[in-house]
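Here is a walk through a structure, one piece at a time. Keep the 3D view open and look up each part as it comes along.

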Amino acid sequence: MWGMAAISEEDRLDRVQTLRTLRRSYDLARPQRRILHSALTLVLVSTLVTLAGPLLLRYAIDHGIKDGNGRVLNWLIVVYLGITAFGYGVGRLQYLAINRAGEGFLRTLRLTVFERLQRQSMAFFDREKAGVLVSRMTNDIESMGELIQFGLLQFVSAFLLLVLAVIVLFVMSWQLALVALVVLPLLVLASVRFQKQSNRAYLDVREKVGDNLSTLQEGITGVRVIQAYGQQDARSRRFHSTNRALFDSHMHSVKVSTWYFGLVEFAGIAATGAIIGIGGWLVHRDAVSIGTITAFILLLANLFDPVQQLSQLYNTVQSSTAALHKLFLIVDAKPDVDEVEHPTPLPARGAIDVVDVTFSYETADRPALRGVSITVADGERLALVGPTGAGKSTLAKLMARLYDPSMVDGTCGTVSFGGVDLRQSSMSDLRRRIVVVPQEGFCFGGTIRENVRIARPTATDAEVERALASIGALERFADFPEGLDTEVRERGSRLSAGERQLVALARAALVDPAVLVLDEATSNLDPGTEAVVEHALESLMNGRTVIVVAHRLSTVRRADRIAVVDHGELVELGSHDQLVTLGGRYAALASAWEASQPH
Amino acid sequence: MDTPETLATRDGWRLLRRVLMEQRRGLIVGVIVGLLWAVGKVSVPQITKLGIDRGSEGNGSLLFWTGLVVAAAVIAGIFTAFRRWVAFRESRWIETRLREQIFDHLLRLHVGYHDRTQTGQLMSRASSDLQQLQAFVVMIPITLSNLAMIVAVVVLLFVSQPYLALFALAPLPLVNVLASRFSRRIHPAVLAVQQEQAQLATVVEESVSGVRVIKGFGAEGVQFAKVSTEADDIQRVSLEAARIRSRFLPALDVLPALGLVAVLGIGGHRVIDGAMTVGDLVKFNAYITMLIWPLRNLAMTVALGQRASVALMRVNEVLSTPSLVVDPESPTRLPAATIDRPVGEVRFRDVVFAYEGSDPVIDGFDLSIPAGHAVALVGATGSGKSTLVRLLTRFHDVKSGAIEIDGVDVRSMSLTDLRSAVGIVFEDTFLFHDPVRDNIAFARPEASDDVVHGAARLAGAHEFITALPEGYDTILGERGYSLSGGQRQRIAIARAIVAEPRVLVLDDATSAVDPSKEHEIREAMTTVMRGRTTIVIAHRPGTIALADTVVLLDGGRAVAVGSHDELLATNDRYRQVLAAWAVRDEDGDDDAPTPSPDSTTAVVESRRAVSRSADGEVV
């Protein structure tokens, strides 16, 4: 419900930010501008229609009924009917117009944010929490959608109604208007106070709901441990306490609104009483007519409702502006890995040169790589080994330009392919030469075919099939009930882990790159699939430069050279035999590996 | 005649009736308060009329009428506030209590139920379904007093001007009809919007979590096309919903206006004819205006009631599921340990077990483990190792055969006794959002710090715990401090030590650990296993070597028993199994810092769970 919106202090924007955000939104809504303007005009018209009712009644009483003039009365009824019908028409159009403008705007917003999001570098995705990014694109925009469907219309029309009603009251009778306006400031004050209190109360409710759901979820997912240690009662007590805290928090927010709603009801009726009392006195002195008093009583509602609505919408509008502001921050973020304007084309094949490269993750306090230099010849197979956190995966990612080297102590070094600095090439060119096959075979919702084709959207069906065939996986997928057109479901849940890896390998085969960067799979595969994946990988590596982050002795042994990385530095480099003879870090690692293998 | 669906709905209504009966006192108070409000509210136009008529004729005290209105204002103000307060208190209380009942019931349901039910489903039973119920219950006192007000107004109008009342009120029932038709039409449209939004969320989620693949192949365009299709869909269904709103909402505003036109037309002429007063005219106007919202509300309440009954039906399904694993009627106690008879002997006697609708996983398993002995269970994936452990602790019950601890069948002891006798360290360690201390003292919350620290030392966890930012007070769990797989395991082992079980089960406790760190856990395990009956599920030779005896599982039976070296030397199948494990053995490596899940995400996720489950599905 839009009334439930709340905004925390740190999210609240100052006046400058608010204005800037609103102006940006207005610019973004350029395609919807005409319909937006006509929507606003319609809102104005329908507000006027709302105000016309009491005024007609006033005229009818003073000039028709009191004078006993039936003709005037009949004419007024016709006008009243006409205006009512007109109001209905305007009301419909206004709904449609404001929704068309709003939904159009949201669509533009979704696409703009997503497009910018995708341009961001890997470092950005490491830095930002996935959950937060997703919720920006979903929850935040959705809540704005609710604002558009209900709130925007109300906000504008409440504001117009309030202003116009005050003007009309003053024009009819300034004395009575003053009476009404004695109550109005009180109501405004109460509303402002209520808005602040309810904001705090809702924030608290939101936090308690979060706590409560977490405890609930923890109880359900941890049920096995809880039962295994017989802690049902203790956990129940825990849940009851967060649950009761939520109840108290709900009741606090009801309390906050209770006095306010009571006061609003009281003020509305009391103001009516005052109008009758003072109005009656004025009627005796012939200062106002009975018609005016009647119109006043009816118009009072048009004065009080908007104040309530505005105070309730205030939080919603503020939190939507804050959400917009955050979305614009994503739109404005400059990608760390960006395209150069005039890219140098990459040669078809070539060596990879890493020269004195340093790299640091933004969140880390020490560099992940320091002064690493290594050359991988065309067609060579290089295995990167080292302990967890040593920097071997990072080095592999730099070789594929998932990251750019970063400045540490004034140097950053270069990574080049065939003599061209990767930063000087275009992304599309680069992705055709160097392909990264991630550890986990990640699948998207869609068919098997679509999942392979993601690597090269222009590939024909035949090319996709050839890619699958080249790694020996075509038959396996063709055997599915709907063959390659089988839906793999969300995250590829229909496929086994091994099959998902085959899809990942087929993607690489479809691109047919000169260089493969592999992060060796660590997930458990059943032995049958394991052999198929091994075979596919072997055919894929054939004839290409391969850089593999290795976890298995068997893989390391098949490599031409082995690079041992530790503490962000290249500590040993050579063939298996050379390094074993050297008797250093690798030799120790290899013997530890052997020991844990069955004989 | 009765479809299962209507039967289930009826159960939903029955539960609702029970819940409302339990809360009847509060609800009755709410209705009474609401009636008082209605009195105040209804009297106002009547007083206004008298004020205008008498006041304008000059023969009444204006001050008197004004005072009456103010008095009515006080009554209406106080009781509207009170009505709201009571309505919310009762409805929130019902929601709160039911949520606790669901939670308590879930914690006691057999594990088999949890195995086949998604967490998200259960979450939405306890959150969004109960919210639907709350939204309905809160309307009960409000709707009943509104109803009273409507009746009072209608009677009043008919008594004072029957002819005019007939015409003025004629359009109002249509408000009700239209409003309920509106809620029927808009509901599916709103669901459609939510569904499209969920689809967009799915694409965005996979684009963010699959960003490595997308970047790796430069496939941004493909995902953008998907998002733009979804965005178009959302726009389309949203506009469809807007069209429905545009058809109904302005009409709902117009209908009462027609009543007002009738008042002016017919009433005006009657005033001219002297059949009624100007005050009557104003009164009619005010009453008609007053009825608009209660009539709309009435329609809304009916729709809310329907949704609440469907939600309650789902809640009822959970609450009426019996637990299949319960305490025996007269439990046998485990024999106490004596000097000449150590405890912790475990016997599996011809155990057979199958998961629902599948072939037996355990098929005639026999094994006797003497007290204080350590046994390693080795077998390929799906050979039934973990299932044996789950049978021992009665997560499931055996189909036939028996499992005994110290000569007592696990089914004939109380669950509390059984589960304090068996301590399990699970393959996937579960840590609670609590301090380290509480996570370790999980089985015995009253345990002293000395006991906790001692257990942590035994498990080799004390050192890293004291190095944590807040030591033993560091909050763990999904939203807390994230530990490495090995650290988590050591905390789980410490947790088992504090429980002081007769039988310790280590279910693949080292699998999540980097092989280079495995020796640390192994040391912890050695200490813990000393003198205690232990069942170790393992596949790394180093861990297997900790056990006195190795049992090879295949096809749900113990196919070979012996020491590691014996089996290695004599058993082909054993060698095969170990080799298969070694091939797929892993060491988690990712040297990029992984952002730790934080509270924002958790809250965001849970908000999603609440907000998008109008149809009961958590997305």
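Let's start with strand 3 of chain B in this predicted model: 6 of its 6 residues are buried, so the strand is mostly covered. Which residues sit on its two sides? On one face you'll find B:Ala374, B:Ala376 and B:Val378, and on the other B:Val375, B:Leu377 and B:Gly379, all of them buried.

Strand 3 of chain B has partners too. Strand 8 (residues 533-537) of chain B pairs with strand 3 in the parallel sense over 4 bridges, and there B:Leu377 stands opposite B:Ile537. Strand 9 (residues 549-554) of chain B also runs parallel to strand 3, joined to it by 5 bridges. In that pairing, B:Val378 faces B:Leu552.

Follow the chain onward and you reach B:Ser383, in the loop between strand 3 (374-379) and helix 12 (385-392) of chain B. Is B:Ser383 buried or exposed? With 21 other C-beta atoms within 10 Å, B:Ser383 is buried, because 20 or more is what it takes to count as buried. Leaving out residues up to four places away in sequence, B:Ser383 touches B:Leu553 and B:Asp554. B:Glu329 is another story: B:Ser383 and B:Glu329 are 54 residues apart in sequence and 34 Å apart in space, C-alpha to C-alpha.

Zooming out, chain B has 22 helices and 10 strands. Of its 619 residues, 49% count as buried. Among the contacts in chain B with a separation of 6 or more, 79% are between residues 24 or more positions apart.

Now for chain A. One of its sheets is open and has 6 strands in the order 6-7-8-3-9-10, with mixed pairing. Strand 6 (434-437) and strand 10 (569-574) of chain A are the edge strands, each pairing on one side only. On average, neighbouring strands of this sheet are turned by 20° against each other, direction ignored. Inside the sheet, strand 3 (residues 381-385) and strand 8 (residues 545-549) of chain A run parallel and are joined by 4 bridges; A:Arg381 has A:Val546 as its bridge partner in strand 8.

Another open sheet of chain A has 4 strands in the order 2-1-4-5, with antiparallel pairing. Strand 2 (369-376) and strand 5 (420-421) of chain A stand at the edges with a single partner strand each, so one side of each has no neighbour in the sheet. Strand 1 (residues 352-359) and strand 2 of chain A pair over 5 bridges in the antiparallel sense, and A:Val357 stands opposite A:Val372 there.

| Helix of chain A | Strand of chain A | Angle |
|---|---|---|
| Helix 10 (residues 392-399) | Strand 1 | about 125° |
| Helix 10 | Strand 8 | about 150° |
| Helix 15 (residues 497-511) | Strand 6 | about 175° |

Helix 9 (residues 290-332) of chain A has 43 residues and reaches 61 Å from its first C-alpha to its last, close to the 63 Å expected at 1.5 Å a residue. At A:Leu313, helix 9 of chain A bends by about 30°.

Finally, how do the chains meet? In all, 136 residues of chain A are in contact with 143 residues of chain B. Helix 8 (residues 232-284) of chain A supplies the largest share of chain A's side, 30 residues. By type, chain A's side divides into 65 nonpolar, 50 polar and 21 charged residues.

Methods:
Residues numbered from 1 in each chain as written. Chains lettered and ligands numbered in written order. Predicted model: local features only at pLDDT ≥ 70, side-chain atom pairs only at ≥ 80, totals over all residues. Helix = DSSP H or I, 4+ residues; strand = E, 2+ residues; numbered from the N terminus. Buried ≥ 20, exposed ≤ 12 C-beta atoms within 10 Å, placed from the backbone. Contact = placed C-beta atoms within 7 Å. Nonpolar A, V, L, I, M, F, W, Y, C, P; charged D, E, K, R; others polar. Pairing = 2+ DSSP bridges. Axes fitted to C-alpha atoms, helices over the stretch in contact; angles between N-to-C directions. Expected span 1.5 Å × (residues − 1). Bend = angle between axes of the 7 residues up to and from the residue.
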